[in-house]
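Here is a set of questions and answers on one model. Have the sequence and the coordinates open as you read.

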Amino acid sequence: MKKSFLTLALIVCSIFISNAQEGFSVQAGISNVSFSTEFEGGSASDSELGFFLGAGYQFSLNDNFDLQPSLLYSAVKDLNALYIPVMVKYNISDKFNVQAGPQVNYLLEDIDDGKLGIDIAAGVGYKISDEFYALARYGFQVSRDIENFDINTLHIGVGYNF
């Protein structure tokens, strides 16, 4: 299952590479992952801090909108995961954008259930220069293949456009 998911992710990224109009970027930063679960008689939650890194491509849809799919690896103390956000960016100005879109996450841990999740992600971006940008994005889990277990993510980082 893990190999087929990674193969699919590489194929998707290859398609984006061949059609890139605006260009390739790399991203890295802080990843905060929060876990919560409900069980009979109560609930529990925790949060862990780690890092993320990855790559993406930005397509210009028109003067106001861009599309940026990415493939990110996130590592926190007890959880390693792949994230595939597909963000639609609305450019408020030449430097500032707001973004939202779906985000698939796949846990790289040796567990039987709950590896695949779907999030709705929203965030902001700031263009520091033509090459550098900053981002902050929060992913709200909307679906996971295990009940009563939520994983939400906060990514804060910087990127470099090639």
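Q: How many bridges join β1 to strand β2?
A: This is a predicted model, where local features need pLDDT of at least 70, side-chain atom pairs count only at pLDDT 80 or more, and totals for chains, interfaces and linings use all residues. Residues are numbered from 1 along each chain as its sequence is written, and side-chain values use heavy atoms, with hydrogens and water left out. Strands (E, at least two residues) and helices (H or I, at least four) are DSSP runs numbered from the N terminus, and two strands pair if DSSP finds at least two bridges between them. β1 and β2 (residues 42-60) run antiparallel, and the number of bridges joining them is 17.

Q: Which residue in the turn between β1 and β2 has a positive phi?
A: The two strands form a hairpin with 2 residues between them. The positive phi, about 95°, belongs to Gly41.

Q: Which residue of β3 is the bridge partner of Ala55?
A: β2 and β3 pair in the antiparallel sense over 8 bridges. A hairpin of 4 residues joins them. Within this pairing, the partner of Ala55 is Leu71.

Q: What pattern does the protein chain follow along the sequence?
A: The chain holds 1 helix and 8 strands. Read along the sequence, the pattern is α-β-β-β-β-β-β-β-β.

Q: How many bridges join strand β6 to β7?
A: A hairpin through 4 residues links β6 to β7. β6 covers residues 116-127 and runs antiparallel to β7, and the bridge count is 11.

Q: Which residue in the hairpin of β7 and β8 takes a positive phi?
A: β7 and β8 run antiparallel, joined by 8 bridges. Their hairpin has 4 residues between the strands. The positive phi, near 60°, is that of Asn148.

Q: Which residue of β8 stands opposite Leu135?
A: Leu135 is a member of the largest nonpolar core. Setting aside neighbours within four places in sequence, its contacts (heavy atoms within 4.5 Å) include Phe52, Val124, His155 and Gly157. Across the strand pairing, the residue opposite Leu135 is Gly157.

Q: Is Asn152 buried or exposed?
A: Asn152 sits in strand β8 (residues 149-161). Buried means under 20% relative accessible area, exposed over 50%, and partly exposed in between (1.4 Å probe, protein chains only). The relative accessible area of Asn152 is 18%, so Asn152 is buried.

Q: Which residue's backbone nitrogen does the side chain of Asn152 reach?
A: Beyond neighbours within four places in sequence, Asn152 is in contact with Asn32, Val33, Ser34, Tyr138, Gly139, Phe140 and Gln141. One backbone nitrogen lies 2.8 Å from the Asn152 side chain, and it belongs to Gln141.

Q: How far apart in space are Gly159 and Gly125, C-alpha to C-alpha?
A: Gly159 lies in strand β8. Its relative accessible area is 4%, so Gly159 is buried. Residues up to four places away aside, Gly159 touches Val26, Gln27, Glu131, Phe132 and Tyr133. Gly125 is 34 residues away in sequence, and the C-alpha distance is 10.0 Å.

Q: Which residue forms a salt bridge with Asp130?
A: A salt bridge is a side-chain nitrogen of Lys or Arg within 4 Å of a carboxyl oxygen of Asp or Glu. By this rule the count is 1. Asp130 is exposed at 59% relative accessible area. The closest N and O atoms are 3.5 Å apart, and the partner is Lys127.

Q: What percentage of the residues in the protein chain is buried?
A: The chain has 162 residues. Among contacts with a separation of 6 or more, residues 24 or more positions apart account for 52%. The buried share of the residues is 36%.

Notes. A polar contact is a pair of N or O atoms within 3.5 Å; within protein, one must be able to donate a hydrogen and the other to accept it, and residues adjacent in sequence count only if both atoms are side-chain atoms. A nonpolar core is a set of buried Ala, Val, Leu, Ile, Met, Phe, Trp, Tyr and Cys residues joined through side-chain atoms within 4.5 Å.
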